[in-house]
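Here is a short report on one protein model. Keep the sequence and the 3D view open as you read.

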Amino acid sequence: MKLFNRYKCFQKRIKNEYNEVGNIESLFMNRTIKKVAVLGSGIMGSRIACHFANIGCEVLLLDIAPKELTDDEKKKNLTLDHPAVKNRIVTGALEATLKANPASLFTKKFASRIRLGNFTDDMPKIKSCDWTIEVVVENLDIKRKVYEEVEKYRTRGTLITSNTSGIPIHLMAEGRSDDFQKHFAGTHFFNPPRYLKLLEIIPTAKTDSEITQFLLHYGDLFLGKTTVLCKDTPAFIGNRVGVWGLLKVIDSMKKFDLNVDEIDKLTGPVIGRPKSATFRTSDVVGLDTLVKVANNLYAGLPNDEGREMFKLPEVVAKLDQNKWLGDKTGQGFYKKSKDAKGQTEILTLDLKTLEYKPKTKVKFATLETTKTIDNLKDRLKVLLSGKDKAGDFYRDCFFGLFQYVSNRIPEISDELFRIDDAVCGGFGWGLGPFETWDAVGVEKSLPLMEAAGYKPAPWVYDMIASGNKSFYKSEGGQKKYYDIPSKSYKGISGKESLIILENKNENIVWKNTDSKIIDLGDGVLNFSWHSKSYTLGSAVIEGMNKALDLAEKNYRGLVIGHQGADFSLGANLGLVFMYAIEQDYDEIDFMIRAFQNTVMRIRYSSVPVAVCPQGRTLGGGCEMTLHADIAQAAAETYIGLVEVGVGLIPGGGGTKEFTKRVSDALQEGDVELNALQNAFMNIATAKVATSAEEAREMGILKKVDRISINRDRQLADAKEAVIELADAGYTMKPAVKNIKVQGRTGQALFLAGLQGMRMGNYISDHDVKVAKWIANVMCGGDLTSPQEVSEQYLLDLEREAFLSLTGEKKTLERIQAILTGGKPLRN
């Protein structure tokens, strides 16, 4: 029923969104995915199974039955026909996946949605599955044998797809029935499927167009993916461009005599890419994966003008020969070692001598000039205009990439935006190649590229000559791409309903240095901020209150959220530390009161307010979420009250709200104290949920709160939720004055537990002090008996505790350690 309701909800939203399908309602009403079979339980198969379980599907995970007994099975007198033996491979694979970090499931309880079996006994069960996904070894003959078995039991009209990363899709479908081929396509997930957004959809000439569209839309709406339509070309789009780009980095590295540490500094977050950058990413993924893809592409692309880049560099071939493949073999471009003091250190491979050496500190003048530039597009302009070796590297590397992707149209895609989507979704880039090219200036770059020997494809010159100066533009709040055949800009199909804040600048109604208020239309405002680490400083608090003022006066509701990497890392600790050192406690008191008042305004606004947590949502960010009428959380939300980590307690309503929720949900007696203890431990241990689903289990998200599987749709989902509340006749809540607290009785129980933990040296004296303050707030202070108190009463206790702890030396030491990048000592 839950999945059906989600289909109904999405039908309404996308009814007019996808122009290429005449009747999108019919497309979704006639096909629902309730049960999925995953054939092959290796790393990818098990993780794909987990992700389908994440979204509520029942999953059947199958693999081959073993042909030989293990020594342990022989000792137990088991036979090859014993169920435990037959399912040994699939059971071991799933168990390994469930133990691995990062977790593949949103919450451990979702593992119950996965059923296990083997090809010999359980292949007939795929008859009841709506979608069968093949994820066996990358061998065409083996895949064809699996499809022969699938053909025997699969129900006509159900989906059958392959997760192959490189075998031509049309070859796998050869010889199969017409119904099989009509419902067959490639569905290439990137590893790990839960976290990497790319899902490549590769139809064959015989794939029904409605099936292709269904897969594109389902991957977007239900799996939370950036779905990219690909042609059936070698390595499709993501790996074709991503691997070429990685090898180009190594080529430019050699050209300008740079080392591993320098490259990972130059190709990480500074250019909008993951912290693992180039070589650390290779170590994590495994060099053998890169080698395999590169070799296949070199062999399979005789007419690619950039083919030589896929020829393995000598040093990469040597590492592969030595089996220095990265984390899986204990060493690659990096290696963990012990120094003279027995401390773990990371050594870096010198690619000239193949010896491991201590990491070197990287410094380039070009990087120094960008330290104060937060906007990635602005930063890239500066990086590519650098006059030192770093600037030379960037120009050579990016100009080569620009040339390569321009020549891939129409070979691998007819539309340029699909290349950007694939690389960003599969490799975690902040900007795709064409987006990056736009950022540095297309017309301006052309003579520089020509001079460097990287002349792009003719269509780029045609675009400029026709008066179109960029690959993308914003029009009417929507992002449009340059369509090469028509020499005009077109909307990106499937994304018309997305809210992209950077395309809404013409709708800004107010802004200050760190925040802005945007009119989203339909009577709904958005409040967003862009402070460093999205901290909640005075400018952000000012903006939030202004947004509430405007919403209450002239609008129907407010959406609080932005599209940065994290929602918020909480308060500005640097400011707290400065005031505490100066013993200016009045200023700290003012800061706390201002934030408390703001979150209470969120709670008691006269219009509905939705808060949109995503990524790291810590401290004050969590407290904002707790006070929303409705939270519209991204599935990947890592949320919690973490203040005890710096020797403080949640002072912006978090401690109060946890206490209130226990009071709201439970009756008197021991059960109430147990629930209060669980809430206490969540705060006292600074527990952070690792997904929105886990946040719901922890009580941070309420039953009415919603989760957006696809973060790109989060703000649109939140706007829809606000409108629903407004249409339902939203009224402001009355102030709460009946929160049940336990007084001294509850505190006595907490103190007894703390004393035992201190005696066992599990916690420090300062930890005890912080925990006592938490217990004091959650139990209502020094009350002689359980009674009811108001929210303001608990907020006052919070503020008292926060102020007291800012005067503690240990608290200041911990804050200083955080600010300076050190680690606080525990005594």
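## Terms and ground rules

Contact means that heavy atoms lie within 4.5 Å. This is a predicted model, where local features need pLDDT of at least 70, side-chain atom pairs count only at pLDDT 80 or more, and totals for chains, interfaces and linings use all residues. Residues are numbered from 1 along each chain as its sequence is written, and side-chain values use heavy atoms, with hydrogens and water left out.

## Glu657

Glu657 touches Arg603, Leu626, His627 and Glu791, leaving out residues up to four places away in sequence. Glu657 sits in helix 28 (residues 654–665). Helices (H or I, at least four residues) and strands (E, at least two) are DSSP runs, numbered from the N terminus.

Glu657 counts as buried because its relative accessibility is 2%. Buried means under 20% relative accessible area, exposed over 50%, and partly exposed in between (1.4 Å probe, protein chains only). The side chain of Glu657 also makes a polar contact with the side chain of Arg603, at 2.9 Å. A polar contact is a pair of N or O atoms within 3.5 Å; within protein, one must be able to donate a hydrogen and the other to accept it, and residues adjacent in sequence count only if both atoms are side-chain atoms.

## Leu783

Leu783 lies in a loop, between helix 33 (765–778) and strand 25 (787–789). Is Leu783 buried or exposed? At 14% relative accessibility, Leu783 is buried.

Set aside neighbours within four places in sequence. Leu783 is then in contact with Val741, Gly743, Arg744, Val789 and Tyr793. Leu783 and Gly652 are 131 residues apart in sequence, and their C-alpha atoms are 22 Å apart.

## Helix 11

Of the 13 residues of helix 11, 11 are buried, so the rest of the structure largely encloses this helix. Among the buried ones are Phe214, Leu215, His217 and Asp220. At the N-terminal end, Asp208 caps helix 11: one of its side-chain oxygens lies 2.7 Å from the backbone nitrogen of Glu210.

## Helices 19 and 22

Two packed helices are described by the angle between their axes and the distance between the axes. Helix 19 (residues 389–406) and helix 22 (residues 442–452) pack at about 100 degrees, with axes 10 Å apart. Axes are lines fitted to C-alpha atoms, for helices over the stretch in contact, and angles run from 0 to 180 degrees between N-to-C directions.

Phe399, Phe402 and Gln403 of helix 19 meet Ser445, Leu448, Met449 and Ala452 of helix 22.
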